[in-house]
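Please look over the sequence and the model before reading on.

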Amino acid sequence: MAVYREVIKVKSHGVRTSYINVTDQVREVIEKSGIQTGICAVISPHTTCSVFFEEFCHDYDENGDEYLQADLNDALAKIIPDHTSAETYRYPGQAHYDAVASWPDAASYLPNGPEDLWNGDAHLRSTILGSSEVFDVVDGHLGVGTTGYIYFADFDRTRPRERRCVITVIGE
């Protein structure tokens, strides 16, 4: 059994939920791995990000999000409203803010002060969708249909940032 692991970088825009199609990168990593039969895990190590699998739908809204992603945004907003003030959610509490403020690189996490931690909605949304997906590797290729695509979503809208997506292929 062999294991091949690669980390790719993705950029979120911080304006609204960022959806990044990572399907081509996953296909490339599987091919580079040389593994013919096995599984491929696509993982977000971030607590406000998710990896999910859905159909590519060809239609886009005015923000450039695919219609299924816009519909997902609408559905999630109904059950998890946007974090718009300190009163919206219990998180982050004072103890959490104090802990983050004490970090050596606190300015990178809190460039605008406490409001930069108003991302309780992002944490809850990623908790519901999950941080990873596992796919079949068949004959050295990603074992999904032609309309299935893999997306990395960053629900944190506090600022743009570079994120990591881990792709691990296991098999023979």
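The model is predicted, and local features are given where pLDDT is at least 70, side-chain atom pairs count only at pLDDT 80 or more, and totals for chains, interfaces and linings use all residues. Residues are numbered from 1 along each chain as its sequence is written, and side-chain values rest on heavy atoms, with hydrogens and water left out.

**The sheet.** Helices (H or I, at least four residues) and strands (E, at least two) are DSSP runs numbered from the N terminus, and two strands are said to pair if DSSP finds at least two bridges between them. Five strands form an open sheet in the order 1-8-3-5-6, with antiparallel pairing. Strand 1 (2-12) and strand 6 (141-142) stand at the edges with a single partner strand each, so one side of each has no neighbour in the sheet. Within the sheet, strand 3 (residues 37-43) pairs with strand 5 (residues 132-138) in the antiparallel sense over seven bridges, and Val42 has Glu133 of strand 5 as its bridge partner.

**Helix 1.** A residue is called buried under 20% relative accessible area, exposed over 50% and partly exposed in between, using a 1.4 Å probe and protein chains only. The buried residues of helix 1 are Thr23, Val26, Val29, Ile30 and Ser33. They lie on the same side of helix 1, because they cover an arc of only 125 degrees around the axis, the arc being that of the directions from the helix axis to the C-beta atoms. The face turned away from this buried side carries the exposed residues Asp24, Glu28, Glu31 and Lys32.

Ser33, which lies in helix 1 (residues 23-33), is buried with a relative accessible area of 16%. Its side chain reaches the backbone oxygen of Ile30 at 2.6 Å, and a polar atom of that side chain lies 3.1 Å from the backbone nitrogen of Ile35. Just after helix 1, Gly34 takes a positive phi of about 75 degrees.

**The cysteines.** A disulfide is a covalent bond between the sulfur atoms of two cysteines, and it is assigned here to a pair of cysteine sulfur atoms within 2.5 Å. By this rule the count is zero disulfides.

How values were computed. A polar contact is a pair of N or O atoms within 3.5 Å; within protein, one must be able to donate a hydrogen and the other to accept it, and residues adjacent in sequence count only if both atoms are side-chain atoms.
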